[in-house]
Amino acid sequence: MRKLKASAGNAMVEVLLATAIIVPLGMYAIQKQKADLEEAKGVVNSERTMDFTELAKSYYLQNADAIRAAMLDGTGADKLCRLGINPGAAIPEETGIQSNSTVLHTCAVDASVLRWKGFAPQTFPDYNLQQQRMVAIFKRVYDTAVMPAVPTDNVEMLSVGAAGATGLASYAPNSRGFTGGIDPIMRDAKSMGAAGGIIPDADRVLCKWLDADPTQREACGTQGGWRVKLSDFVGS
């Protein structure tokens with residue numbers, strides 16, 4: 001995961017850990033006849049995902065206080081946390097959908113927001129090569145050592161490929177009907193280094209996916225450096 005921390009009185013945010021980038025199985029659902037073509041496509045997809053993640057990180061760094069407030073109680077979320085907006089509309093923040101949760105303390109954005117706010121060039125795509133919308137989910141970290149838990153200034157960020165037209169619906173690997181096995185997915189995710197990861201196609205012990213239980217669905221780094229419950233970032 002990438003954990004972002006804001007120091008008191010300092011607008012800069014210190015990067016503590018590696019960015020967590022999920023590569024859902026559906027990203028590589030189209031099978032190629034030649035392994036070299038599959039590998040090349042995986043590298044391009046990885047580069048696009050990582051570029052998007054870096055732009056989203058910059059968006060957070062420049063709006064850290066406001067985004068943390070949006071994750072806390074929804075303040076300003078209608079303008080900060082949106083998916084699928086039309087940057088050319090008279091009032092862009094009234095297009096697309098609002099994408100925050102005051103229960104999970106999250107705020108999600110996609111490339112349309114990054115273009116609107118000037119963090120991404122106007123030519124930057126909304127989708128990866130498998131036509132999944134690239135979405136960055138910020139989550140405010142709470143200190144659970146005390147009761148009730150209290151919000152900290154730390155924020156985690158998770159990048160996912162969403163199958164829904166404007167939202168996070170159907171991010172599950174099974175929603176794309178992937179049948180090619182997990183090996184090529186692991187290979188392609190590894191091109192992102194320690195940040196890369198997968199949503200598994202089944203319960204693989206070290207990384208869980210249980211169709212019957214949304215709380216038992218995980219995303220895991222291919223190098224074993226991170227593991228998260230998707231239900232902590234995305235409501236079922």
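Is Cys 207 buried or exposed? Select Cys 207 and look: its relative accessible area is 7%, and since the cut-off for buried is under 20%, Cys 207 counts as buried. Keep in mind as you go that this is a predicted model.

A disulfide joins Cys 207 to Cys 220, with 2.0 Å from S to S. Cys 207 sits in the loop between strand 10 (196-198) and strand 11 (218-221), while Cys 220 belongs to strand 11, so the bond ties together parts 13 residues apart in sequence. Turn the view to look along the S-S bond: the torsion is about 100°, so this disulfide is right-handed. Cys 220 is buried too, with a relative accessible area of 7%.

Next, select Cys 81 and Cys 107. Here you meet another disulfide, with an S to S distance of 2.1 Å. The torsion about its S-S bond is about -110°, so this one is left-handed. Cys 81 lies in the loop between helix 3 (77-80) and strand 4 (82-83), and Cys 107 lies in strand 7 (residues 106-110), which puts the partners 26 residues apart. Cys 81 is buried at 0% relative accessible area, and Cys 107 is buried at 0% as well.

Finally, colour the chain by pLDDT. The average is 75, and 71% of the residues score at least 70. Select residues 1-34, where pLDDT stays under 50, and then residues 169-179, where it is also below 50. Where pLDDT is low, the predicted coordinates should not be read in detail.

Terms used. Residues numbered from 1 in each chain as written. Predicted model: local features only at pLDDT ≥ 70, side-chain atom pairs only at ≥ 80, totals over all residues. Heavy atoms only, no water. pLDDT = per-residue confidence, 0-100. Contact = heavy atoms within 4.5 Å. Disulfide = S-S within 2.5 Å. Helix = DSSP H or I, 4+ residues; strand = E, 2+ residues; numbered from the N terminus. Buried < 20%, exposed > 50% of the residue type's maximum accessible area, 1.4 Å probe, protein only.
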